[in-house]
2 protein chains.
Amino acid sequence: MASDTLTRNLDSQSKAQRAHSWIRSRIADGTYSPGYRLVLGQLAGELGVSVVPVREAIRLLEAEGLVTFERNVGAHVAMHDDTEYFFTMQTLSIVEGAATALSAPSILPADIARARAVNELMVDCLEHFDPHRFTELNLEFHSVLFESCPNPHILDLVHRGWARLTVLRDSTFSFVPGRAKASVLEHEDLLQLLERDATPLEIETAARAHRTRTLDAFISYQESRHS
Amino acid sequence: MASDTLTRNLDSQSKAQRAHSWIRSRIADGTYSPGYRLVLGQLAGELGVSVVPVREAIRLLEAEGLVTFERNVGAHVAMHDDTEYFFTMQTLSIVEGAATALSAPSILPADIARARAVNELMVDCLEHFDPHRFTELNLEFHSVLFESCPNPHILDLVHRGWARLTVLRDSTFSFVPGRAKASVLEHEDLLQLLERDATPLEIETAARAHRTRTLDAFISYQESRHS
DNA sequence: GCCATTTTGATCGTATACGATCTGTGATAC
DNA sequence: GTATCACAGATCGTATACGATCAAAATGGC
């Protein structure tokens, strides 16, 4: 029966997992802002479950670095100062660069065509600029370039980095005017490197620099605003 | 009272944490070999605790990649084929290389002296070769080089990589004759790079290559034995 | 004899309950 | 008025209990 499948689909995720994504999205959208105290019983009440799955969800979030946890005290949404964004971007620059280089040999012309199509959409997006949409496309573009990475650990680190970024800041591009345009140009450069079968080192360097430049742009823009 | 402090110290670690390290060490020393079925109730019985902390311990181990977990089925010690070792070493080469390069500016002459002293011990160790001891010293040496890394995320990734390695293989050097000697020589090269304030890129490349060469040595040795 | 179905046992997931621990408040001594 | 201590409330950590789920053995039909 249809209702059966529906029920099963709802249940196919454990309550712990549902609690996890529920809390996670509330952190992402700012309902629970940094420093917010997460109380197990309270969350359990809101979710209509017991504290056990909530507890597990919190520990998962802790492993992701989204919340801090102190024994016998409780959990808080992780405070992220500006250095947090810096470190996350720096880490991502390294692992994503490596993942892209390792992916390169497996990337087919069809993949490059798809990435280029996404980049075209990003160009269109520049006109009536929607930072959120732009960031989504940005992830889709880069995903094409690194998803073929044969090393599952590195790939996992890249995913974690991106996940962290989405929580830290909905879109960097909304903060740094001009970076979006420079970014799509660098994307085309990356694609051309792949097409001409550049060395892994060239690709890794380019991919890393692409991210580092976004970070640098953010920092210098922030500094200019401070003075 | 003394017994009071003792009790408190024992309790200062939660049962979940104790279960975690207990199971972990049993995986590391091979008592629980890859594929071994980890049953919550059974482990709880052996540890003299209830299943709840054991469950949490298992989830932690899962996050570390030491066990696989399937909903409503249970946990197994992760199977690691040879590719697993390859991927772990490759990942570590990348993050450790980056961490070492980022550490470089903060490394003092005293640190280099300490690392050099450790490397001397490794040279001594070559005579009456003890792989386990050699690997311990190897970690100590590299720790000096990367522990100053200002980026906590990258540092954490390096720690995870090393932790994973100790579980995968007690010592690579016991497998690959000759690599130990080459390794200590490369260590000295690394130290000299640091002393002459080489560029971050040079240091990162050297540190990464150092690890990659250990991996390559292992692979080619293994291939030679297969034929 | 073989395949589909049912049943059964083991194990996991979650709820509830209680003891342990921490943080903050109020009283008391100085 | 300030510092120290004791107490109370809140919250966490863990034990126990039960319902949910899965895998494999037993049963029945073909």
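Predicted model: local features only at pLDDT ≥ 70, side-chain atom pairs only at ≥ 80, totals over all residues.

Biologist: OK, and how many residues of chain A are in contact with chain B?

Modeller: 17 residues of chain A are in contact with 17 residues of chain B. On chain A's side, helix H4 (51–64), helix H5 (82–103) and helix H8 (152–168) each supply at least two residues. H5(A) gives the largest share of that side, 7 residues.

Biologist: What classes of residue are on that side of chain A?

Modeller: The side of chain A that touches chain B has 8 nonpolar, 6 polar and 3 charged residues.

Biologist: And through which surface do the copies meet?

Modeller: They meet through the same surface, because 100% of the interface residues of chain A are also interface residues in chain B.

Biologist: Switching topic. Which residues have the most contacts inside the largest nonpolar core?

Modeller: Those are Val95(A), Ala99(A), Ile154(A), Val95(B), Ala99(B) and Ile154(B), in a core of 73 residues. The element that gives the most to this core is helix H5 (residues 82–103) of chain B, with 9 residues.

Biologist: Let's pick Ile154(A), then. What is it in contact with, leaving aside neighbours within four places in sequence?

Modeller: In chain A, Ile154(A) is in contact with Val95(A), Ala98(A), Ala99(A), Leu102(A) and Cys149(A). From chain B, Thr91(B) and Ile94(B) are in contact with Ile154(A) too.

Biologist: Nice. Zooming out, how many helices and strands does chain A have?

Modeller: Chain A has 10 helices and 3 strands. From the N terminus on, the elements run α-α-β-α-α-β-β-α-α-α-α-α-α. As for dimensions, the C-alpha atoms of chain A fill a box of roughly 60 × 55 × 35 Å, taken along the principal axes.

Biologist: How much of chain A counts as buried?

Modeller: 35% of the 227 residues of chain A. Also, if you take the contacts in chain A with a separation of 6 or more, 74% of them involve residues 24 or more positions apart.

Biologist: Now the strands. In what order do they sit in the sheet of chain B?

Modeller: The order is S1-S3-S2, in an open sheet with antiparallel pairing. At the edges are strand S1 (37–38) and strand S2 (67–70) of chain B, and each pairs on one side only.

Biologist: Over how many bridges do S2(B) and S3(B) pair?

Modeller: Over 4 bridges, in the antiparallel sense, with strand S3 covering residues 74–77 of chain B. For one partner pair, look at Glu70(B), whose bridge partner in S3(B) is Gly74(B).

Biologist: Which helix lies across S1, S2 and S3 of chain B?

Modeller: That's helix H4 (residues 51–64) of chain B, running at about 115° to S2(B). One of its residues is Leu61(B).

Biologist: Is Leu61(B) buried or exposed, and why?

Modeller: Leu61(B) counts as buried because it has 22 C-beta neighbours inside 10 Å, and the cut-off for buried is 20 or more.

Biologist: What's Leu61(B) in contact with, again leaving aside neighbours within four places in sequence?

Modeller: Leu61(B) is in contact with His20(B), Ile23(B), Arg24(B), Leu66(B) and Val67(B).

How values were computed: Residues numbered from 1 in each chain as written. Chains lettered and ligands numbered in written order. Contact = placed C-beta atoms within 7 Å. Core = buried A, V, L, I, M, F, W, Y, C linked by C-beta atoms within 7 Å. Buried ≥ 20, exposed ≤ 12 C-beta atoms within 10 Å, placed from the backbone. Nonpolar A, V, L, I, M, F, W, Y, C, P; charged D, E, K, R; others polar. Pairing = 2+ DSSP bridges. Axes fitted to C-alpha atoms, helices over the stretch in contact; angles between N-to-C directions.
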